[in-house]
Amino acid sequence: MENTRTEQVKATGRRRTRKKIRKSRRFPVIGDLQMTRGKTDTLLVLFLAMLVIFGIIMVFSSSYYYSISKYGTPYHFLIRQVIWAVGGFVCFVMTSCFDYHKYYKLAPWAAILGFILLVLLFTPLGIEINNAKRWLGAGPITIMPGELAKIFAILFTAWFLSGDSERIRRPLTGILPVIALGGGYAILIFKQPNLSTAITVVLIVGFMMIVAGLQKRWILTFLGLGAAAVFGFVTFARDTYQYERIATFLDPFANMQGEGYQIVQSLLAIGSGGLTGVGLGKSVQKSLYLPEPQNDFILAIIGEELGMIGILGLLLLYCLFLWRGIHIALHCRDQFGVLLASGIVLMVLIQVVLNVAVVTNSMPATGINLPFISYGGNGMIIFMLCTGVLVNISRQNSDSGPEVEGESEE
């Protein structure tokens, strides 16, 4: 009797499996987007929601007067940020349900697409704003190939270095292709010009190589080359726009009405906030003193209105978000997932560190947004999309999740 019941259960399971296979063959996207069994990292989702909601509040607060001045309404940036947050949430849900193993085959094509999009910026299709060509598109719908290049670099590096665990130890066939991709992206992005995104791409690729097992001698070599490049730039590029940024960084108050204006207003905002801030919505610097305060320098308004306590609270929230990302990477059972999760965590970490450094004049000013907080659709959607990938990795590698490709079933 017991054997008969067991056979019935097995037969029912086989019928359900065949039914799922027929559905996925008929609608392949449904097969890819089906909900993955396993535990969702609820803490990561919670921290994401807190960051996005806090960002919407601060975008509204920081852009209030600028929005009235430019558009005649205080709600222009708020409405658009909410729309982009909703769009980002849709992308988050889709990528959290999409099997991250599928990206493995897409990675080399994504890398090629990245080069194509970056080259198109230097054609009539490129949109120039404030003497920089960083956008492609028409009308209100635009994309920033430099932002997409960060994702494509993560995908390619994870794909290339996970294909062979010994590849990272081979200079010509392992290290050089990754450097070529990262360097190629960085050069094209630098020519827009967009120094901050170029630096971000290089740092992401470099640290992912370290995660993959890059040998110490190569790490020291690259550090030496980087230091030599900085020294050479400072010595021989004195007539460039980037050198003026470095000079402003060393003494922003020397040219308070010129190149140093924005950073001086940022420092005044943070200094005025003190420990507890002047109160939410009561910033003075956002009253047309700090240019476009809802963008890259939104942290200065946070410091003025919420004080050092507000900044430290936000940084703590970032640390908690990154902690969950690192946890997901450490508990992934395949190398591709480890490197993919690590790349996403590194992207968020690097941008937070660079943004804080710029706003506090700890490094030369360069435009880089604060993840989930700064105003902007490209950044919001990309970061939420990548967080969805982290959630999918956590689901597929949780104790109750399905087995990873390549593992044998018993």
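Modeller: Let us begin with a proline. P193 sits in the loop between α7 (171–190) and α8 (195–212), where helices (H or I, at least four residues) and strands (E, at least two) are DSSP runs numbered from the N terminus. The peptide bond that joins Q192 and P193 is cis, with omega about 0°. This is a predicted model, in which local features need pLDDT of at least 70, side-chain atom pairs count only at pLDDT 80 or more, and totals for chains, interfaces and linings use all residues. Residues are numbered from 1 along each chain as its sequence is written, and side-chain values use heavy atoms, with hydrogens and water left out.

Biologist: How many helices and strands does the chain have, and what share of its residues is buried?

Modeller: Buried means under 20% relative accessible area, exposed means over 50%, and partly exposed is in between (1.4 Å probe, protein chains only). The chain has 14 helices and 3 strands, and 45% of its 410 residues count as buried. Accessible areas come from the Shrake-Rupley method with a 1.4 Å probe, and for residues only the protein chains shown count as cover. The accessible surface of the chain is about 21000 Å², and carbon and sulfur atoms account for 66% of that.

Biologist: What share of the contacts join residues at least 24 apart in sequence?

Modeller: A contact means heavy atoms within 4.5 Å. Taking contacts between residues at least 6 apart in sequence, 73% join residues at least 24 apart. V391, in helix α14 (residues 377–396), is a case to look at. V391 and T40 are 351 residues apart in sequence, yet their C-alpha atoms are 6.4 Å apart in space. Leaving out residues up to four places away in sequence, V391 touches T40, L44, V45, F92 and S96. V391 counts as buried because its relative accessibility is 1%.

Biologist: How many salt bridges are there in the whole structure?

Modeller: A salt bridge is a side-chain nitrogen of Lys or Arg within 4 Å of a carboxyl oxygen of Asp or Glu. The whole structure has 5 salt bridges. One of them pairs R324 with D41 at 3.0 Å, N to O. R324 lies in helix α12 and D41 in the loop between α2 (28–33) and α3 (42–71), so this pair ties together parts that are 283 residues apart in sequence. Both R324 and D41 are buried.

Biologist: Are R170 and D164 buried or partly exposed?

Modeller: R170 is partly exposed at 33% relative accessibility, and D164 is partly exposed at 24%. Their side chains also form a salt bridge, at 2.7 Å, N to O.

Biologist: Which buried residue has no salt bridge?

Modeller: For charge, Lys and Arg count as positive and Asp and Glu as negative, while His and the chain ends are not counted. E304, in helix α12 (residues 298–330), is buried without a salt bridge, and the nearest side chain of opposite charge, K286, is 8.0 Å away. A polar atom of the E304 side chain lies 3.5 Å from the backbone nitrogen of Q285. Beyond four places in sequence, the residues that E304 touches include A269, S272, G273, G277 and V278.

Biologist: Which residues other than glycine have a positive phi?

Modeller: L288 is one, with phi near 70°, and E292 is another, with phi about 45°. L288 lies in the loop between α11 (261–273) and α12, and E292 is also placed in the loop between α11 and α12. L288 counts as exposed at 51% relative accessibility, whereas E292 counts as partly exposed at 34%.

Biologist: Which residues form a nonpolar patch on the surface?

Modeller: Patches are made of residues with over 30% relative accessible area and no salt bridge, joining like charges within 9 Å and nonpolar side chains (Val, Leu, Ile, Met, Phe, Trp, Tyr) within 5 Å. Here V82, V86, F89, V90, V93 and M94 form the patch, with about 490 Å² of accessible area together. V93 belongs to helix α4 (residues 76–97) and is partly exposed, at 34% relative accessible area.

How values were computed. A polar contact is a pair of N or O atoms within 3.5 Å; within protein, one must be able to donate a hydrogen and the other to accept it, and residues adjacent in sequence count only if both atoms are side-chain atoms.
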